[in-house]
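Me: I would like to go through this model by question and answer. Please end each reply on the value or name asked for.

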Amino acid sequence: MQDGVPITKPGDEDRFLRRVRPSDWKNPVPRNPYDIAIVGAGPAGLEAAEYAARLGFSVALIERNRLGGNSLNAGSVPSKAIICTARVCSTMRDAEAFGAPIPSAPSLDFDKVMARMRRIRTRISGYHSVHELAEPGVDIFFGSARFESADTLFVDDAPVHFKKALIATGARPGVPNIPGLDQTGYRTSATIFEMAALPTRLAIIGGGPLGCEMAQAFCGLGSHVTIVQNDPKFLPREERDAAEILSRSMARDGVDIRLNTTVVGARRVNGIKILETVNNDVKGDIQADEILLSIGRVPNVEKLNLAAAGVTFDEDHGIKVDDFLRSTNPNVYAAGDVCLALKFTNAAQSSARMAVRNALMQAQQRQSSLVIPWCTYCDPEIAHIGLHVWEARQQSIPIKSFTVMMHDVDRAITDGRDTGFVKIHISEGSDRILGATIVSSRASELINEMAVIMSAGIGMKALAEVAHTYPAQSEAILLAAQAYTRNFDEAAKRAASGNADNGK
Ligand SMILES: Cc1cc2nc3c(=O)[nH]c(=O)nc-3n(C[C@H](O)[C@H](O)[C@H](O)COP(=O)(O)OP(=O)(O)OC[C@H]3O[C@@H](n4cnc5c(N)ncnc54)[C@H](O)[C@@H]3O)c2cc1C
Ligand SMILES: NC(=O)c1ccc[n+]([C@@H]2O[C@H](COP(=O)([O-])OP(=O)(O)OC[C@H]3O[C@@H](n4cnc5c(N)ncnc54)[C@H](O)[C@@H]3O)[C@@H](O)[C@H]2O)c1
């Protein structure tokens, strides 16, 4: 096991493993020195390798486990496949409200749910397989990489010399120091997708994106879920009203919510796992068959012998990089979870392309210029891009928000999916968009409209004139822009009538 992911699996996963870690793989003889050596083949490493190779550079890609990294093997892909099944279950349960009652309560075949998830993983693995990478000429080395010097890595015993290197070793689940947890046993994102049976009772520690997504998904599949969060609200990175909608939605689904609660111990009694909790000095117990830890991720930096390359790092925050993604060794760059605060697949990919351009093409692109949208795939989905109100205040940027409630959007009403809002933040005194939060079904898609708008520098006035399909959830974005123009027109009218009054 590496990064908590088993390396082999019998039978039906053969095709998957042939793509992401063939058992008979022989590492190539190194074509030293490489223009770029990339450590880690998750979204960041794969993106960098394919991009650099297609530009004509010689590339060595080193992976100690499977191609695809966390995202494909134990992250975005398996979690979204499970969430999709949970939504089907929830839709069936709600069917009566749509005038289509189903004859009996839906049943669940957990083996088939997991088999579907594995089939999806196999299908998606085809896009970044060893064969796909061979086509543009990437040399793939399977094995653990460690630095020997400022321009040399070792993969097991083979030296790989490089002109530039990119560290893209990602992160792994953090494990808190809770007395007794080792004895009860627990799962993390690395092992939850290997479960053989649906747990009757699932206790989740941590209410960030991972904890919230899994709480609602397993509740939808039929587990009794309790979620413990040591903060007064879920998703601390999101705006309060967004997190509150999520709390209400999880409570309605039947998730047992323990906010502001700390797990102080764990024990096992008659095979049952028990979490000992404290909330405002009141002690409590939570009984479970499985425990999921989702308290954040820690960067993979420790086995790389970074000191030999002159690369400075921090065990909590990862590789220290400047705004150009360059480490303290000017020939070594980093991208993705190993160095970024925003730990998302799209951030890993965008930072990797930027690092390649900076390292190999003398570009001077700044990571602070990246505009990364993200989404937590709960029901409703919670998506964000750009500045939050509190960040604008911290930076002394005057900000004004325009909000449209989804219950005022026709498509949300017809679909019975009218919980949530679209909130667009603009720079006060102009129509420049600084950020947006969207809480709705398919917010993950709506936020991408905001990403295009912000990247193209389109302001609220122009946006208000863009025809959208009717009816559509994205009409909420149009309505927010039209609210801005109404506001603007009224202010102009008031100013004009003030001038006229003054002229009397
Ligand atoms: C359950 C879950 C769900 C998620 N869902 C989403 C989502 O919906 N959307 C989203 O945008 N993000 C999501 N994420 C986050 C996303 O998975 C990560 O941000 C992304 O995988 C980071 O990519 P990366 O390439 O930086 O690192 P990783 O994917 O972690 O890849 C790093 C690779 O480096 C390898 N490696 C490490 N050390 C060495 C070494 N010494 N030598 C060789 N190889 C090494 C590892 O084996 C690994 O393959 C989710 C995460 C989790 C846990
Ligand atoms: N949809 C997505 O994009 C998605 C989904 C899942 C995970 N991820 C990524 O994976 C990473 C890991 O996700 P995560 O949710 O584990 O991490 P996180 O750091 O985002 O959230 C962890 C949560 O756990 C809480 N917490 C920490 N210690 C605790 C303790 N001892 N007891 C109770 N609560 C505790 C924190 O308050 C926080 O809310 C994140 O960086 C996230 O970006 C992304």
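Me: In which helix is the place of L210?
Reply: In this predicted model, the element in question covers residues 209-221. L210 is also among the positions that UniProt lists, in an unreviewed entry, for "binding site". The helix that holds L210 is α9.

Me: Which residues does UniProt list for "binding site", and why can they be said to gather at one spot?
Reply: The unreviewed UniProt entry gives G206, G207, G208, P209, L210, G211, C212, E213 and G296. They span 91 residues in sequence, yet they gather at one spot, because no two of their C-alpha atoms are more than 13.6 Å apart.

Me: Into which domains is the chain divided?
Reply: Domain 1 is made of two segments, 12-173 and 298-369. Domain 2 covers 181-295. The remaining entry in the division, at 380-503, is domain 3.

Me: How many residues does the contact take from domain 1 and from domain 2?
Reply: The C-alpha centres of domain 1 and domain 2 lie 28 Å apart. With contact taken as heavy atoms within 4.5 Å, domain 1 contributes 22 residues and domain 2 contributes 18 residues.

Me: What share of the area buried between domain 1 and domain 2 do carbon and sulfur atoms give?
Reply: The buried area is about 1500 Å². On the side of domain 1 that touches domain 2, the residues by class are 14 nonpolar, four polar and four charged. The carbon and sulfur share of the buried area is 67%.

Me: Which side chains meet in a salt bridge at 2.9 Å, N to O?
Reply: The count between domain 1 and domain 2 is one salt bridge, and the rule also finds two residue pairs in polar contact across that interface. UniProt's "binding site" list includes E213. The side chains that meet in the salt bridge are those of E213 and K80.

Me: Which element gives the most to the side of domain 1 that touches domain 2?
Reply: The elements giving two or more residues to that side are α4 (76-94) and α5 (110-125). The leading contribution is 10 residues, and it comes from α4.

Me: Where is P471, which a cis peptide bond joins to Y470?
Reply: Omega of the bond between Y470 and P471 is about -10 degrees. The peptide bond from N32 to P33 is cis as well, with omega near -10 degrees, and P33 is found in the loop between α1 (14-20) and β1 (34-39). P471 has its place in the loop between α16 (460-463) and α17 (475-503).

Terms used
Residues are numbered from 1 along each chain as its sequence is written. Chains are lettered from A and ligands numbered from 1 in the order in which they are written. This is a predicted model: local features need pLDDT of at least 70, side-chain atom pairs count only at pLDDT 80 or more; totals for chains, interfaces and linings use all residues. Side-chain values use heavy atoms; hydrogens and water are left out. Domain bounds come from an automatic or database domain assignment. Buried area is the accessible area (1.4 Å probe) that two parts lose on being put together, summed over both. A salt bridge is a side-chain nitrogen of Lys or Arg within 4 Å of a carboxyl oxygen of Asp or Glu. A polar contact is a pair of N or O atoms within 3.5 Å; within protein, one must be able to donate a hydrogen and the other to accept it, and residues adjacent in sequence count only if both atoms are side-chain atoms. Helices (H or I, at least four residues) and strands (E, at least two) are DSSP runs, numbered from the N terminus. Ala, Val, Leu, Ile, Met, Phe, Trp, Tyr, Cys and Pro count as nonpolar, Asp, Glu, Lys and Arg as charged, and the others, Gly among them, as polar. UniProt positions are given in the numbering used here, feature names are shortened, and annotations may be inferred rather than shown by experiment.
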